[in-house]
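Subject: Structure handover

Dear colleague,

I am passing on the structure we spoke about, and I would be glad if you could look through it alongside the notes in this email.

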Amino acid sequence: MPSLVVVGAQWGDEGKGKVVDLYAESADVVVRYGGGANAGHTLVIGGQQLITHLIPSGVLHAGTHCVLGDGMVIDLNTLVDEIAECKARGLLAGDELLIADRAHVILPYHKRLEAARERRGGAIGTTLRGIGPAYEAKAARRGVRVGDLARPAKLRALVEQNLDELRPLLAHYGEPAPDIDAVVDEALALGESISRYVGVAGAFVDRALADGRNVLFEGAQGALLDLDHGTYPYVTSSTTTAAGAAAGAGIGPTRIDRVVGIAKAYTTRVGGGPFPTELDDEAGAALRQAGGEYGATTGRPRRCGWLDIPALRHAVRINGMDGIALTKLDVLCGLPEVPVCVAYELDGRELDEFPSDAEDLARVTPRYERFAGWTGATRGVGSYDDLPAAARAYVAAVAQRVGVDVYLVSVGPDRHDTFTLRDAF
Ligand code: GDP
Ligand code: IMO
Ligand code: MG
């Protein structure tokens, strides 16, 4: 089984970093294929924490190649800082890093434009990392790509063309016009400092697969933040689903063998948009506290609520998921009972499908089923069968209602706080 895609099954922050780090043990190559530094993936090993925003979460495994794929939008400052942080920790010692020359570059004016729009109202609650404006430039066919950083004349012409158009827009928002020389000079300098890592990433990944090496595709964000299939317009600007792995890594969909979705045992969301099972009360605050639910990128408190099966079933469909990894089961420990949303009702009728419209989703009434709670240790127990029976019953009930297999159950942030129920690779 040489290729595996790991995707977020909810609104992001499901624990993808932890699971990718775990699976990377068996991977020769780990590829990020979409998004940028809006992602924050937390890795914890022996109490030590590393949060990656751009570099794939396979970085802790010496010799595993980390690829930033064609579909990404890359913040050069963040990338340079992250490479330095990894090097300081003794990681990427053999320079096992490849940055796609086709990936797009986030420039300072992308962030300024986004911040101005968010301030103006109707806010999406973005991470302010310039993601939306960079993907807009890409779709408009005037984006700057990593490969352009080695072509000073082309880079300058592109920046001039972009600013020619954006200047009036920035002025409309009361933002000063960026200085072309400053933008170009900074981009060239940063481009120079990463130039030895830049290459044709798609060909590298395809060759690895052809050679029978294990390739792990690391999704960012989550299914419900997908540009097409998420809770539009409260979404990110990329394809976060498994289909995005093929397009964003530069390989064909026939090369993907398995898709595992990561789901928390409850639900969180950062930013705006509908969230049917959200808890605005002490129960939500208790989940936030117990789960440490503060953004790994922005530090914002995450909105918390119960597990949402209709949303998960939608995530399974749009990803063609073979199964799920259920994380943060430990966080539910100690509750007298655990409610799970098993259906949505809208205007007195039960819905068959996850609503396409955010306003409809905001109006649904979740129907809950209540499961017995559990107490006692979930971490440090010998095997999955040693978990409290009610915790195992919860996992089985979730799997049955979502209609997929469970690949692993996670009961803590560390690699070791994991029970593997079936092999993913
Ligand atoms: P990602 O964006 O999907 O990689 O997830 P984040 O790193 O943004 O957020 C997940 C948080 O939960 C991180 O702080 C992880 O260290 C932590 N975490 C992951 N799995 C578990 C788990 O099973 N139990 C607990 N308590 N924490 C976990
Ligand atoms: P990881 O990979 C959680 C959310 C933002 C906002 C929306 C659009 O760590 O799971 P953007 O900056 O992408 O234009 O913001 O998407 N968002 C995330 N939420 N985890 C993420 O990444 C996210 N990346 C973007 O909060 O609601
Ligand atoms: Mg995150």
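Predicted model: local features only at pLDDT ≥ 70, side-chain atom pairs only at ≥ 80, totals over all residues.

Ligand 1 is surrounded by 20 residues, the closest being Lys 16, Gly 17, Thr 42, Asp 330 and Ser 410. Sorted by class, this shell holds 5 nonpolar, 7 polar and 8 charged residues, and helix H1 (16–24) and strand E3 (41–45) each contribute at least two residues to it. Among the polar contacts, an oxygen atom of ligand 1 lies 2.8 Å from a polar backbone atom of Gly 17, a polar side-chain atom of Asp 13 is 2.9 Å from an oxygen atom of the ligand, and an N or O atom in the side chain of Arg 302 is 3.0 Å from an oxygen atom of ligand 1. Taken alone, ligand 1 exposes 590 Å², of which the protein buries 93%. The space that ligand 1 takes is the second largest pocket.

Ligand 2 likewise has 20 residues around it, with Asp 13, Lys 16, His 41, Thr 127 and Thr 236 as the closest, and by class its shell consists of 7 nonpolar, 10 polar and 3 charged residues.

As for the backbone, most residues other than glycine have a negative phi, and most peptide bonds are trans. Against that background, Leu 128, in the loop between helix H3 (108–120) and helix H4 (131–139), has a positive phi near 60°, and this residue is partly exposed, with a relative accessible area of 40%. Asp 347, which lies in the loop between strand E16 (337–346) and strand E17 (349–350), also has a positive phi, of about 50°, and counts as exposed because its relative accessibility is 62%, over the cut-off of 50%. Finally, a cis peptide bond with an omega of about 10° joins Tyr 232 and Pro 233, and Pro 233 is found in the loop between strand E10 (215–218) and helix H8 (243–249).

Methods: Residues numbered from 1 in each chain as written. Chains lettered and ligands numbered in written order. Heavy atoms only, no water. Near = heavy atom within 4 Å. Nonpolar A, V, L, I, M, F, W, Y, C, P; charged D, E, K, R; others polar. Polar contact = N/O pair within 3.5 Å; in protein donor to acceptor, adjacent residues only side chain to side chain. Areas by Shrake-Rupley, 256 points an atom, 1.4 Å probe, with all protein chains shown as cover. 1 Å grid on protein atoms, 1.4 Å probe; cavity = no way out; pocket = protein on both sides within 12 Å on 5 of 7 lines; lining within 4 Å. Sits in = over half its atoms within 2 Å of the grid points. Helix = DSSP H or I, 4+ residues; strand = E, 2+ residues; numbered from the N terminus. Buried < 20%, exposed > 50% of the residue type's maximum accessible area, 1.4 Å probe, protein only.
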